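Please read these points with the model open beside you. They cover how the two copies meet, then one residue.

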Protein chains: 2
Amino acid sequence: MSDVRIAGVGLTPFGEQPERTGRDLFAEAALAAREEAGVPRDAYEGVHYGNFMGAFAERQGHQGPLMAEAAGLDCPAMRHESACASAGIAVRQAVRSIRAGEHDVLLAGGMERMTNLSTSRVTESLAIAADELFEVRSGMNFPGAYALMARAYFEEYGGSREDLAHIAVKNHANAVPNEYAQYRREITVEQAMESLPVATPLHLFDACPITDGASAVVLVSDEYAEEHGLEAPVSITGSGQGGDNLALQDRDAFSRTPAAEKAATAAYEDAGIGPDDVDVAEVHDCFTIAEVLALESLGLFDHGEAITAAREGKTTRDGSLPVNLSGGLKAKGHPVGATGGAQVVEMTKLLRGDHANSDALSDPRVGVTHNAGGTVASAVVHVLEVVE
Amino acid sequence: MSDVRIAGVGLTPFGEQPERTGRDLFAEAALAAREEAGVPRDAYEGVHYGNFMGAFAERQGHQGPLMAEAAGLDCPAMRHESACASAGIAVRQAVRSIRAGEHDVLLAGGMERMTNLSTSRVTESLAIAADELFEVRSGMNFPGAYALMARAYFEEYGGSREDLAHIAVKNHANAVPNEYAQYRREITVEQAMESLPVATPLHLFDACPITDGASAVVLVSDEYAEEHGLEAPVSITGSGQGGDNLALQDRDAFSRTPAAEKAATAAYEDAGIGPDDVDVAEVHDCFTIAEVLALESLGLFDHGEAITAAREGKTTRDGSLPVNLSGGLKAKGHPVGATGGAQVVEMTKLLRGDHANSDALSDPRVGVTHNAGGTVASAVVHVLEVVE
């Protein structure tokens, strides 16, 4: 089975770009990835594209063919929608196709346009990632759901709002040098603690922002890369997906995310590595507590241990395991349907050594990305490795 | 490479069921397919699910995990959205996974809930399958788009409204014995001709109805079927997808659907057959003219020849190539995100000999299904064969 080489990556800046159409955003990311890859147009065999709320944001469904055209490509295309894990699944499906020997060159990524909608409309639109019948009608929204998860975690393992604040501080610090990030400014623990409450115990600075943006990666087979002498020093060597019941009420516990545990186990097995081999991680910190749950699900920390990781400096840029050097969803921004692809873009640059935060890493070999949908009813984990 | 065996199929009745939730509809189809397959619950490794307009119909995105749960399964799930080709792509992705040797047992299908919305809201929702910026804002809707395609066809190849009326008459006649069909009543050419104009030259009886319904198929590897002694006499031996620009204005011609030609060529090559081998076809007749374009794209008729096929009896139940024995989208109904799966369900029964219209076929061996999205910007073709 062939490994999948990352031949090119592209991002738009993440942030408020309400005047730009979705196709404009995706074209920018896709053309950047295509330019970096240098693969001829007619070699592309398919586009796997993630988008979540295009029906509301632009009244635009059926975005697969639209985005293939925006990317300047003439090949079959399809949209994947699994809430905030849409682009992670798009990348995963492309990886699987290449590893199965079906295709040699695919474009994968995603796009979300959000800030052209009012905040209340965005909140309504995001809510469709939860169970409408049993959660949304009862007044549940995502800050509320993650607040419940934080409370359950605190109750089971301990932890405090201040522990969470250190995660926000870390991710904001990481975003400062990242030219693609939405919030390139440091915050303090005090600012995070004093920010407005959203859903106890989560405050405003525990939450990621609303963001427009797109991501794209050009994936090629090992054979294609060798044959065409492509510079593609990073491979996706492992991929895993896990699922869970959509509604929180149907879970065994709120303090763990078993879908991500399953995805991680599968991805590690696929890559033939374990959590001890991981040098750097990009995880789905839609809320600060989500970073904690992600790190524990990935086996990078024992249950109950990740809550203090940022505070103790273990996951900061000078720690033993830097997490979300991109700035994470928290500070880099979270254009929902693009995020899973953006994590792969950021990780590729970190492993290649051409990321704005590459100086935080010393000869990194193995990175993981963790992308989640809803309250982790969908989870996708990828293992990226430097190949030589 | 393993062929993919169809171990079980399930449908809901198609029609107006506004009081039923999406999960209820999909559960019915999925549980029927699961019961027929008899595969144990823990053998299922994934759910590939198609849905188009759930964001509008039920304010429900992220339906992959929701529908896995509705189907009683605990495995990763994902939603595919490519407008009216959503379930065709869901089936195709499942087929590819099994053929690649990644999985042995998958559930695929789709669901659409439509009649709980007002007609104007459904029309608005369907329009998101077209290009919002360059088609919908200019007043284009799907009856209008297919009317343009019909006019272009008439101009290039000839043909008349009466030719199209014979297609509607044929598909209504086929639906009469099909207990799952929405319109189980015959119509006459005169009724079709005299029905209200919608978009010249298309009248009301040229169009498929608005429908609630779901479809599901259990797909297993050859090896799994043999090892477990499953009765699964029909295989999916070929699968192909094609794409085109989303907006009609960006096409070379309106009188052909090259995305479907590409999908058909790929599917035939995959199966090692040609159009001459096809005994029976289920095609995407969202409008009568679409059946004509489909049959020509599939190579079952030369360009300009399919327009009179129904009128001349070639595609009727007693013709040389029966088309849409299910009743087609026209009379069986068209729950958008379920249709591509429903075509596979109907074809499986036709090839197994347990369809309400099986008496129209004598020892059929090869069937094709043709599922299209938008004005055929997405197309998926599957070849099904009886294995012995």
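This is a predicted model: local features need pLDDT of at least 70, side-chain atom pairs count only at pLDDT 80 or more; totals for chains, interfaces and linings use all residues.

1. Chain B superposes on chain A by a rotation of 180° with 0.0 Å of shift along its axis, at an RMSD of 0.0 Å. The two copies are thus related as by a two-fold rotation axis.

2. Residues are numbered from 1 along each chain as its sequence is written, chains are lettered from A and ligands numbered from 1 in the order written, and side-chain values use heavy atoms, without hydrogens and water.

3. In the interface, 51 residues of chain B contact 51 residues of chain A (heavy atoms within 4.5 Å). The copies meet through the same surface, because 100% of the interface residues of chain B are also interface residues in chain A.

4. The rule finds 10 salt bridges across the interface of chain B and chain A. A salt bridge is a side-chain nitrogen of Lys or Arg within 4 Å of a carboxyl oxygen of Asp or Glu. B:K262 forms one with A:D74, with the closest N and O atoms 3.5 Å apart. On the side of chain B that touches chain A, β3(B) gives the largest share, 5 residues.

5. Now look at B:T237, in strand β8 (residues 234-243) of chain B. Strands here are DSSP runs (E, at least two residues), numbered from the N terminus. Is B:T237 buried or exposed? B:T237 counts as buried, at 7% relative accessibility. Buried means under 20% relative accessible area, exposed over 50%, partly exposed in between (1.4 Å probe, protein chains only).

How values were computed:
Copies are superposed by least squares on the C-alpha atoms of residues with pLDDT of at least 70 in both. Helices (H or I, at least four residues) and strands (E, at least two) are DSSP runs, numbered from the N terminus.
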